[in-house]
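Here is a quick, friendly walk through one protein model. Have a look at the sequence and the fold first, and then we can go through them piece by piece.

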Amino acid sequence: MDAPRNLLDLTPADARATISAWVTASGLPAYRARQVEARLWQRPVGAWTEAMELPVLLRDQLEAAFPLARLATGAVQQSTDGTQKFLWELADGEKVESVLIPTASRRTLCISSQAGCALGCTFCATGRMGFRRNLAAWEIVAQVREIILRNPDDKPTNIVFMGMGEPLLNWPAVDTALTILNAPEGLGIGARHITVSTVGIVPGMERLAARPEQFRLAISLHSPRADQRLAIMPIEKKYPLREVLAAAANFARRITFEYVLIAGRNDTDDDAAILASLARKLGAHVNLLPLHPGGDPALVPTDGRGIRSFRDRLLDHGVEAVVRRSRGLDIDAACGQLHVKMARREPQVR
Ligand code: SF4
């Protein structure tokens, strides 16, 4: 007997080919392949035993040949503002997070691409955790699948790779995950509704740009000056701002700059003016983000008035800028916060 295979780790095209070959080799009618395929992403089931349209014998055979890999739910937190945060436990004990943010018109899911992160941005809770490992493609997309299994009405309309990890340092898995998220036989989420957020991993930006789909790119800029950026983002040493901006100029699709406002570090009028000139050159929008707790305790958030005045400076310079509301502050919804909190709790639980 062949070893069990994980169909959820394959692109929908590869999964279809694998299922079709198996259905043929098992002497089953061809329509069974379509029924099986539909249960991976389009009408997902948690286990083959739940696919009631299939004969019992076939369900048992599928459990043996293609068991459906799952993420265990470690914790779920619900904010008073509707934001939900999920802590997933992986088979080897690692933990990653996703955050589901509903608004009137969309449900955005922020997903993780790595357990921990090697890049050590000083303002980030995940950065303080260090790198644990890359996620497999199925572990990335399973964050969406598990939410659909819990409640099909919660299926996200938008995906952002802004959870734990740097997606472009896990390109092979993220590449496959993007295909599964976008393909009509996969989750069918439009490419314009899928945003990859990077600190500026230049080779990864080039790979993403080479894909034909209109995936969005967000660059975690956080400072328009190389020296200032280096102080809060060590990656500036390897991929300097000027190279990141040059790669962004080649992207030829809509770009967003993410910008966490930190008092006295990156929030002066001059910072706003330089940021505006960079954004104008690329036609980039700017998302201004309040600093969440969990990073270096020495960093202080810019206050509300400072954030609004920074935004107004950008608008004065003709740059589209919005202040992203803090969501789920009561549930540690920023990247890495829940993981850090649960890790602190673990000894007490034991
Ligand atoms: S902000 Fe992103 S890249 Fe930087 S440490 Fe956190 S997870 Fe890593």
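Let's start with one term: a residue is called buried if 20 or more other C-beta atoms lie within 10 Å of its own, exposed if 12 or fewer do, and partly exposed in between, with C-beta atoms placed from the backbone. With 23 C-beta neighbours inside 10 Å, N170 therefore counts as buried.

Before going on, two notes on the ground rules. Numbering starts from 1 along each chain, following the sequence as written. This is a predicted model, so local features need pLDDT of at least 70 and side-chain atom pairs count only at pLDDT 80 or more, while totals for chains, interfaces and linings use all residues.

**Around N170**

N170 sits in the loop between β7 (158-161) and α6 (171-182). Helix and strand names here follow DSSP runs, numbered from the N terminus: helices are H or I with at least four residues, strands are E with at least two. What does N170 touch, leaving out residues up to four places away in sequence? Its partners are S113, Q114, N134, L135 and G165, where a contact means that two C-beta atoms, placed from the backbone, lie within 7 Å. L135 is 35 residues from N170 in sequence, yet their C-alpha atoms are 7.7 Å apart in space.

**The whole protein**

Stepping back, the protein has twelve helices and twelve strands. The C-alpha trace spans about 70 × 50 × 40 Å along its principal axes. A compact globule of 350 residues would have a radius of gyration near 20 Å, and the protein's 21 Å agrees with that. (The radius is taken over C-alpha atoms, and the globule rule is 2.2 Å times the number of residues to the power 0.38.) Buried residues make up 43% of the 350. If you take contacts between residues at least 6 apart in sequence, 66% of them join residues at least 24 apart.

The domain assignment gives domain 1 (7-65) and domain 2 (72-349); such bounds come from an automatic or database domain assignment. The C-alpha centres of the two domains lie 34 Å apart. Where they touch, domain 1 supplies nine residues and domain 2 supplies 14 residues. On the domain 1 side, four of the residues are nonpolar, two polar and three charged. In this scheme Ala, Val, Leu, Ile, Met, Phe, Trp, Tyr, Cys and Pro count as nonpolar, Asp, Glu, Lys and Arg as charged, and the others, Gly among them, as polar.

**The sheet**

Ten strands form an open sheet with mixed pairing, in the order β1-β2-β3-β4-β7-β8-β9-β10-β11-β12. Two strands pair if DSSP finds at least two bridges between them. At the edges are β1 (72-78) and β12 (321-323), each pairing on one side only. Neighbouring strands are turned by 20° against each other on average, direction ignored.

Strand β11 (residues 285-290) runs parallel to β12, and three bridges join them. Across that pair, N287 stands opposite V322 in β12. Helix α11 (residues 304-316) packs on the sheet, touching β10 (255-261), β11 and β12, and its direction makes about 165° with that of β12. Axes are lines fitted to C-alpha atoms, for helices over the stretch in contact, and angles run from 0 to 180 degrees between N-to-C directions.

Which way do the residues of β9 point? R216, A218 and S220 point one way, L217 and I219 the other, and all are buried. Strand β9 spans residues 216-220. It pairs in the parallel sense with β8 (residues 194-198) over four bridges, and S197 has A218 as its bridge partner.

**A few single residues**

Here are some residues with their neighbour counts.

| Residue | C-beta atoms within 10 Å | State |
|---|---|---|
| A72 | 11 other C-beta atoms | exposed |
| H222 | 25 C-beta neighbours | buried |
| A252 | 9 other C-beta atoms | exposed |

A72 is found in strand β1. Not counting residues up to four places away in sequence, A72 touches W88 and E89. H222 lies in the loop between β9 and α8 (226-232), and its phi is near 65°, a positive value in a residue other than glycine. A252 is in the loop between α9 (241-249) and β10. A252 also has a positive phi, of about 60°, although it is not a glycine.
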